[in-house]
Amino acid sequence: MQDAKKLQFSVLRAEDSKHIAPYFYRRPNRTCDSCALDSYLWREYCDIMVAEEEDKALFLLMDREGEKYTAMPYCDEEDLPIYFQRIEEYFNQVLNQPLKIYLADEEAVKFLKLEENPRYLVKEEEDFKDYLYDAEELRTLPGKRFYKKKNRVNKFKREYEGRWEYRSICCSEKVVVWEFLDRWYQSRAKEEGNGEDTLEYEIKGIHEVLQNCMSIDHYIGGIFIDGRLEAFSIGAYNPREEMASISIEKGNPEIPGIYQVINQEFLLHEFPKAKLVNREDDMGLAGLRRAKESYNPIDFARKYMVVQKDFKGYEDFVVDKFEEEVMQYDEEDTPS
């Protein structure tokens with residue numbers, strides 16, 4: 001057994017992105033967390049720190065309102081039992097608490113057979129399962145199942161013919177995105193209610209990614225009307241899963257069809273060879289659920305809370321703060 005104290009965590013830095021990104025693809029994982037981008041978007045919200053071991057594994061340590069938790073280790077699948085034990089030892093010996101994982105990917109949970117192991121409490125986090133789609137279907141919107149989507153796209157293109165364009169957004173155009181975000185945030189914050197705190201962290205995360213555009217792996221594109229940005233999306237690519245992971249999608253809600261157009265155009269231009277699309281979870285919000293279901297998902301990337309039970313006082317750590325936060329959100333109207 002190695003000394004758990006030798007596992008040294010440090011602040012997640014933008015300049016480390018190119019180095020750590022390959023860790024995320026080393027084992028099967030279809031969640032949105034299988035790309036480094038989301039870690040940077042939510043770095044401040046979750047106070048994310050990272051540690052590496054022997055160039056074989058990457059660990060994340062998060063702290064949300066005083067509660068420390070982790071993710072499944074990012075490593076080769078055959079090494080997962082070793083590094084799962086490593087992070088458990090760190091929690092026990094250094095943090096003096098049971099191992100706790102939020103949003104553990106289903107692939108790792110099944111590979112480690114945690115649901116069959118009496119040492120662990122394993123609870124599916126239903127509201128945080130990611131929606132998975134056939135990429136070619138979202139690029140082409142075929143048949144009756146996508147009839148309404150295609151109608152909205154065609155109506156938008158007719159109405160704004162000659163006035164709109166899709167553009168991949170480069171680092172030098174980050175100010176254009178910031179200006180749009182300012183406009184979008186002013187209108188959206190009024191509607192967010194209890195979710196305003198999360199919204200502010202999301203905006204900060206977007207600013208960080210754009211500020212470090214050259215360092216953090218990501219794709220970004222937008223819909224411009226009369227030269228003004230009216231919608232944009234940010235995503236990343238998981239080459240192992242041949243999956244586009246869409247982390248951010250913002251649009252002017254006063255423009256009918258804008259969300260359908262950015263959804264389609266972003267995939268056509270930035271992810272033409274992707275076979276799978278991850279559009280993240282619905283956070284238990286009925287409006288967001290309807291929007292995601294309307295795109296006809298083909299599967300889900302399920303996630304779990306894992307708590308080590310053979311550690312004294314583990315009962316105090318069984319609370320699921322992720323689900324508690326969901327219960328505080330007001331239902332919101334989401335473009336579909």
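Which residues does the domain assignment of the chain give to domain 1 and which to domain 2? I looked this up before anything else. Domain 1 takes 4-129 + 302-333, and domain 2 takes 131-299. I note that the model is a predicted one.

**Entry: the two domains**

I took the C-alpha centres of domain 1 and domain 2 and found them 27 Å apart. For the contact I listed 35 residues from domain 1 and 47 residues from domain 2. I then looked up the buried area. The size of an interface is often given as the accessible area lost when the parts come together. Between domain 1 and domain 2 about 3600 Å² is buried, and carbon and sulfur atoms give 53% of that area.

**Entry: charged and polar pairs across the interface**

I counted 6 salt bridges between domain 1 and domain 2. I also looked at the pair Lys18 and Asp217, which form a salt bridge with their closest N and O atoms 2.6 Å apart. For polar contacts across the interface of domain 1 and domain 2, I have 11 residue pairs, both residues at pLDDT 80 or more.

Next I asked which helices supply the side of domain 1 that touches domain 2. At least two residues each come from α1 (17-20), α2 (37-41), α3 (43-46) and α12 (321-328). The largest share is that of α2, with 4 residues. By residue class I wrote down 16 charged, 14 nonpolar and 5 polar for this side of domain 1.

**Entry: strands β1 to β3**

I followed the strand pairing from β1 onward. Strand β1 (residues 10-11) runs antiparallel to strand β2 (residues 49-53), and 2 bridges join them. Ser10 has Val50 in β2 as its bridge partner. On to the next pair: β2 and strand β3 (residues 57-64) are also antiparallel, joined by 5 bridges. Here I found Glu52 opposite Leu58 in β3. The hairpin of β2 and β3 has 3 residues between the strands, and in this hairpin Glu54 takes a positive phi near 55 degrees.

**Entry: salt bridges in the whole structure**

I searched the whole structure and got 36 salt bridges. One I looked up is Arg26 with Asp76, at 3.2 Å from N to O. What parts does this pair tie together? Arg26 is in the loop between α1 and α2, while Asp76 is in the loop between β5 (74-75) and α4 (80-93), so the pair ties together parts that are 50 residues apart in sequence.

Note on methods
Residues numbered from 1 in each chain as written. Predicted model: local features only at pLDDT ≥ 70, side-chain atom pairs only at ≥ 80, totals over all residues. Heavy atoms only, no water. Domains from an automatic or database assignment. Contact = heavy atoms within 4.5 Å. Buried area = accessible area lost by both parts, 1.4 Å probe. Salt bridge = Lys/Arg side-chain N within 4 Å of Asp/Glu carboxyl O. Polar contact = N/O pair within 3.5 Å; in protein donor to acceptor, adjacent residues only side chain to side chain. Nonpolar A, V, L, I, M, F, W, Y, C, P; charged D, E, K, R; others polar. Pairing = 2+ DSSP bridges.
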